[in-house]
Amino acid sequence: MAASCQKINIQENLTPGTQELIISTSPETKTSLAEDGPVNWTADDEIAVFDNANVKNKFDATVVNGARATFSGNVTIGSTQIFAVYPYELAIAANNGSLTVNIPVNQSPEAGTFAEEHNISVAKATKEADQTEIPNTVFKNVCALLKFTIPSYIGDASKVTITSDKPIAGNLNVDYSGDSPVSAIAEDGSNEISMVGEFLAGSTFWFVLAPTTLNGLTVDVETARGVYTMSTTSEIKLT
């Protein structure tokens, strides 16, 4: 069973026009990745919950237990359908089953993983109008991951940039009208995505980018001594 928190008397905690709602996740959800280990929620995670009025509501984590978490917030009274997005900051808008999220063009390096605040996942659920808790909510990832390793001979890398022939970052349109979310990057998205920070030589890192098929890409690794460049014209499927 998913973790849950103590229920609060609804009538005593209402904001005008809203009702409290608790959302508990299932273990299949992913937010942060440990190398060769589980993918877990973290204590400061926040999700955006869009209700029947397409209002963006902030839900805060109240209980975190590894791959499971419980979030609490408010939705418009009488809402029977919700769409949730992790993380809160990257949720742009919703129109029924159509969501808009944003894949950051500038990302942060985290050795052995991706920056947890960049990996977007979405969920949907139906409820009764007066229902106060939705258990076992499954969040599904809508982005692709691209893993790369800084060679051991590059000890002073400060920036890694990927340039492609198609957009790989920016606004991502997610159609969640069916059983699974279907993602498509906006035509005005960015063909370039970068990481700036400290890169431990010999370590692996992950870019979060749009799922698409590329006809090649270029990787530039900036150091104090110059720029290392690698290019390929091979087809690359990002899923």
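**Figure 1. Asn54 lies in the loop that runs between strand E4 (46–50) and strand E5 (56–65).** This view, like those that follow, is taken from a predicted model. Asn54 is not a glycine, yet its phi is positive, at about 60°. Most residues other than glycine have a negative phi. Asn54 counts as partly exposed because its relative accessible area is 28%.

**Figure 2. Asn96 is a residue other than glycine with a positive phi.** The phi value of Asn96 is near 60°. Asn96 is found in the loop between E8 and strand E9 (98–103).

**Figure 3. Tyr86 and Pro87 are joined by a cis peptide bond.** The omega angle of this bond is about -5°, whereas most peptide bonds are trans. Pro87 is placed in the loop between E7 and strand E8 (91–95).

**Figure 4. Phe83 and Tyr176 form a tilted aromatic pair.** A search of the whole structure finds 8 aromatic pairs. Phe83 counts as buried because its relative accessibility is 8%, below the cut-off of 20%. Tyr176, at 3% relative accessibility, also counts as buried.

**Figure 5. Aromatic rings form a cluster, and lysines lie over the ring of Tyr88.** Trp41, Phe71, Tyr86 and Phe139 are linked into the cluster by ring pairs. Over the face of Tyr88 lies Lys56, at 4.2 Å from the ring centre. Lys58 also lies over the face of Tyr88, at 4.9 Å from the ring centre.

**Figure 6. The largest nonpolar core contains 45 residues.** Within this core, Val85, Ile150, Leu172 and Phe207 touch the most other members. Strand E19 (residues 204–209) supplies the largest share of the core, with 5 residues. Leaving aside residues up to four places away in sequence, the contacts of Leu172 include Leu99, Val101, Ile103, Val142, Ile185 and Pro211. A second, separate core has 17 residues, among them Trp41, Ala69, Val75 and Ala123. In soluble globular proteins, nonpolar side chains tend to be buried together.

Definitions and conventions:
Residues numbered from 1 in each chain as written. Predicted model: local features only at pLDDT ≥ 70, side-chain atom pairs only at ≥ 80, totals over all residues. Heavy atoms only, no water. Core = buried A, V, L, I, M, F, W, Y, C linked by side-chain atoms within 4.5 Å. Buried < 20%, exposed > 50% of the residue type's maximum accessible area, 1.4 Å probe, protein only. Helix = DSSP H or I, 4+ residues; strand = E, 2+ residues; numbered from the N terminus. Contact = heavy atoms within 4.5 Å. Phe/Tyr/Trp six-rings, centres within 6.5 Å; stacked < 30°, edge-to-face > 60°. Lys NZ or Arg CZ within 6 Å of the ring centre and 35° of its normal.
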